[in-house]
Amino acid sequence: VSEEKRQRVLCAIEELGYRRNAIARSLKVNRTKTLGVVIPDIANEFYCEIVRGAEDAARSEHYNIILCSTDSRPAQELNTITMLAEKQVDGVIMLSYDCCLQTLDALKNSGLPTALISTLCTDDAFITINISNFDAAYQAVEHLISLGHRSIAMLAGPPSDIDGGENRLLGYRAALAAHGLQRLDPAETLVVPSNAYTYEAGYACTRKLLATQRVFTAVFAATDHMAVGCVKALWDNGLRVPEDISVMGYDGIYLSRVMKPQLVTWQQNTRMLGRMAADKLVQMIEHPRVTLAEQIPVTGKLLEGGSVRSIE
């Protein structure tokens with residue numbers, strides 16, 4: 001159209017407050033420019049950082065997100081997948097540390113392009129983005145060993161979390177074994193498994209650990225939230241950190257950098273996890289015939305702090 005007519009249309013848009021009908025447009029192009037992001041717990045800072053990375057990447061491609069929290073309940077995960085399919089989202093980013101087969105089957109049957117984060121899955125129908133939890137835990141425990149610690153306890157994650165919890169525990173055991181420190185202990189009383197990755201779980205696990213009356217100089221916690229709970233439990237029992245017991249976490253959340261003493265932790269690049277998931281998912285949506293699902297490893301790094309001391 002002519003420039004004069006174009007300006008008249010723009011003026012009319014401004015005067016009338018016209019807004020494009022996104023629903024009508026999505027019906028025409030068969031795309032809603034929306035991604036569903038499914039996480040276990042919206043209150044957990046670890047997941048919030050991942051969501052922020054996903055949102056940043058999605059926004060740069062003019063996509064919006066619908067955020068859903070499932071409390072790690074399989075029934076809620078299935079309901080959420082159904083709801084997102086009904087909302088006609090273009091793809092799903094899924095985080096679930098104990099993602100069940102029914103959930104994976106539901107995602108596959110929905111036909112929605114899906115990116116899985118920190119979820120053990122070898123199905124090539126999905127994009128999977130994971131931290132190497134075994135290697136990270138191995139290096140974290142080896143750091144404690146390098147500082148002279150020989151009796152190292154672990155607050156482990158839920159046994160149902162094969163990728164995160166179980167692999168971190170295996171990395172812990174492998175590091176001890178590599179340095180001749182793996183004890184022949186059927187009860188394995190220096191390892192206390194939890195049913196969650198929370199502050200409360202870390203506090204309760206530490207109380208159980210202290211009740212064994214086993215001697216240890218350091219604790220490796222499966223998450224920073226658990227490590228914070230561990231520090232509080234040690235203080236409540238008259239033990240100082242790091243003077244009496246050293247504590248090391250895993251995740252590198254913001255809280256770990258502002259607590260006193262500052263937590264030594266293995267930092268996952270959580271925002272990068274979300275950004276990579278959204279980037280790959282949009283590629284799969286925009287180019288379905290040429291984009292293949294893939295498995296993408298993401299590395300982390302050690303963050304120093306004051307919660308660990310050398311005993312050599």
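1. Buried means under 20% relative accessible area, exposed means over 50%, and partly exposed lies in between (1.4 Å probe, protein chains only). Asp244 is partly exposed at 30%. Arg240 is also partly exposed, at 47%. Their side chains meet in a salt bridge, 3.2 Å from N to O. A salt bridge here is a side-chain nitrogen of Lys or Arg within 4 Å of a carboxyl oxygen of Asp or Glu.

2. This is a predicted model: local features need pLDDT of at least 70 and side-chain atom pairs pLDDT 80 or more, while totals for chains, interfaces and linings use all residues. Residues are numbered from 1 along each chain as its sequence is written, and side-chain values use heavy atoms, without hydrogens and water.

3. The structure holds 9 salt bridges. Arg52 pairs with Asp56, with the closest N and O atoms 3.1 Å apart. The two sit 4 residues apart in helix H3 (residues 45-60), about one helical turn. Helices are DSSP runs of H or I, at least four residues, numbered from the N terminus. Arg52 is partly exposed at 41%, whereas Asp56 is buried at 17%.

4. Helix H4 (residues 74-86) and helix H5 (residues 101-110) have axes that come within 9 Å and cross at roughly 5°. Axes are lines fitted to C-alpha atoms over the stretch in contact, and angles run from 0 to 180 degrees between N-to-C directions. H4 and H5 are therefore roughly parallel, a term for angles under 35 degrees.

5. Which residues of H4 meet H5? They are Pro74, Glu77, Leu78 and Ile81. Contact means heavy atoms within 4.5 Å.

Conventions
Angles under 35 degrees count as roughly parallel, over 145 as roughly antiparallel, 65 to 115 as roughly perpendicular and the rest as oblique.
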